[in-house]
Amino acid sequence: MKNSYYLLLLLLTLNTGLAQDFTVKNYTVDITVHKEGYFDVVENYDLNFEIPKHGIYRTIQTKYDLVDSEGNESTRKIRISKIKVPDYKFEAPFDFVQKMQDQMEIKIGDKDITLVGPQHYEIKYRVHNAFLFEDSQIRFYWNIKPEDWLAEFHQVSFTIRLPENVFPSKENSFVYAGDRGTSTTTTEMQLYYANNEFSGTSKAGFVSHPGQSVTVLINLPLGSVKEEKPFWPFWDNYGWVFLIGIMLFAFLGYGGNLERINVSLLQPVIIHRTVWILPW
């Protein structure tokens, strides 16, 4: 019994320490929606490392199990391109690797440099195939602050710029904040609607804890953005299978004397998560 108690205490200590490695004092995200069917994201973090760190990881979920307002289920795979992290070394997977994973991880920092105290990070990237096209509208649905950050966010602000002649309002633009599954709009953010911009900033005392997210939903009119379609859909969805086959064939050619190849190392890990599209 005593051993179980100490094990529980150790786990709680590790979890608490992991969550308190750094705190985000201020976080702003600017998104520009392009009529061509993609959007550009610029994220800025003002944070404080409580202990020496080499950097941070930015994880973006790229595969979703979707359930729309009518209960229809589907799977969506988005793509991230044009990744930039000014003034820092970073690593990000190629398109080929993205296709085999359910999330994309940007590793930011230098293994030879340790940082402590206040830091500023800017992350830029482009998102493809993320709009949800329905019969009566097009939905822009994005976690501007996802739930998997192991840090507290004390100030969150966003600005979303829509294409010309697309105007956000209280009737078509919504923000949700809190635990997964939250279906009511938040009252913890002050929202603004100006021409083709939808923006918001958290009110005094706001804190987004680990496991909580901030999500924006905008219902766009039909025709406001195009649906991105690959030049060769079959290759876009399944081309990686052929590439693995070519790699395996080459490996067999050079190592024909091997009796067995552990192909399980080539199989991606599948993690299914669901996004509930709210009825507004």
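Student: Let's start with E134: how exposed is E134?
Tutor: E134 is partly exposed, with a relative accessible area of 23%. Buried means under 20% relative accessible area, exposed over 50%, and partly exposed in between (1.4 Å probe, protein chains only).

Student: Which residue does E134 meet in a salt bridge?
Tutor: The side chain of R139, at 3.0 Å from N to O. A salt bridge here is a side-chain nitrogen of Lys or Arg within 4 Å of a carboxyl oxygen of Asp or Glu.

Student: And is R139 buried or exposed?
Tutor: R139 counts as buried, at 1% relative accessibility.

Student: Before I go on, what kind of model is this?
Tutor: This is a predicted model, where local features need pLDDT of at least 70, side-chain atom pairs count only at pLDDT 80 or more, and totals for chains, interfaces and linings use all residues. Residues are numbered from 1 along each chain as its sequence is written, and side-chain values use heavy atoms, with hydrogens and water left out.

Student: Okay, how many salt bridges are there?
Tutor: The count comes to eleven. One of them joins D112 and K111, at 3.4 Å from N to O. D112 is exposed at 62%, and K111 is exposed at 69%.

Student: New topic: what does E197 pair with?
Tutor: E197 forms a salt bridge with R161, and their closest N and O atoms are 3.4 Å apart. E197 sits in strand β15 (residues 197-202) and R161 in strand β12 (residues 156-161), so the pair ties together parts 36 residues apart in sequence. Strands are DSSP runs (E, at least two residues), numbered from the N terminus.

Student: Which residues are linked in a network with that pair?
Tutor: D30, R161 and E197 are linked in a network of salt bridges.

Technical notes:
Helix = DSSP H or I, 4+ residues; strand = E, 2+ residues; numbered from the N terminus.
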